[in-house]
Amino acid sequence: MFPSHGVANLTQQWLQRYGWEIFPHPAHSPYLAPSDFHLFGPLKRHLGGMAFETEDDLISELRNWFDNLDVDFFRVGINSLLSRWQKCIDLHGVYVEK
């Protein structure tokens with residue numbers, strides 16, 4: 001289920017090749033993880049109250065939901081990460097969104 005070390009190494013090589021800066025991520029910090037603060041809330045609201053008979057039905061619904069998201073949904077999530085990181089830096093790592 002988890003990526004192999006080979007995949008992690010390839011990812012690191014790719015990031016270095018393109019000059020992307022990697023920021024350290026505090027452990028268990030959902031306020032700085034775009035998936036937690038931007039993705040899971042809307043996804044949870046979308047799936048709320050739904051029931052699926054099979055795993056394939058769930059996967060189909062998830063694919064449909066992702067396919068219909070506007071690109072701005074992702075842009076907003078990524079762009080808000082900058083201000084969240086700055087707050088965390090300014091507060092010396094003691095940043096919690098309320």
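The structure is a predicted model, in which local features need pLDDT of at least 70, side-chain atom pairs count only at pLDDT 80 or more, and totals for chains, interfaces and linings use all residues. Residues are numbered from 1 along each chain as its sequence is written, and side-chain values use heavy atoms, with hydrogens and water left out.

**Aromatic rings**

- A search of the whole structure finds 5 aromatic pairs, meaning rings of Phe, Tyr and Trp (its six-membered ring) with centres within 6.5 Å; planes under 30 degrees apart are stacked, over 60 edge-to-face, and the rest tilted.
- One of them joins W65 and F66 edge-to-face, at 5.1 Å centre to centre and 75 degrees between the planes.
- F73 and F74 also form an edge-to-face pair, with 5.3 Å between centres and 90 degrees between planes.
- Ring pairs link W65, F66, F73 and F74 into a cluster.

- W65 counts as buried because its relative accessibility is 11%; buried means under 20% relative accessible area, exposed over 50%, and partly exposed in between (1.4 Å probe, protein chains only).
- F66, at 33%, is partly exposed.
- F73 is buried at 17%, while F74 is partly exposed at 39%.

**Helix α4**

- Helix α4 covers residues 71-90; helices (H or I, at least four residues) and strands (E, at least two) are DSSP runs numbered from the N terminus.
- Its buried residues include F73, L81 and W85.
- After α4 comes H92, with a positive phi near 55 degrees.

Methods:
Expected span 1.5 Å × (residues − 1).
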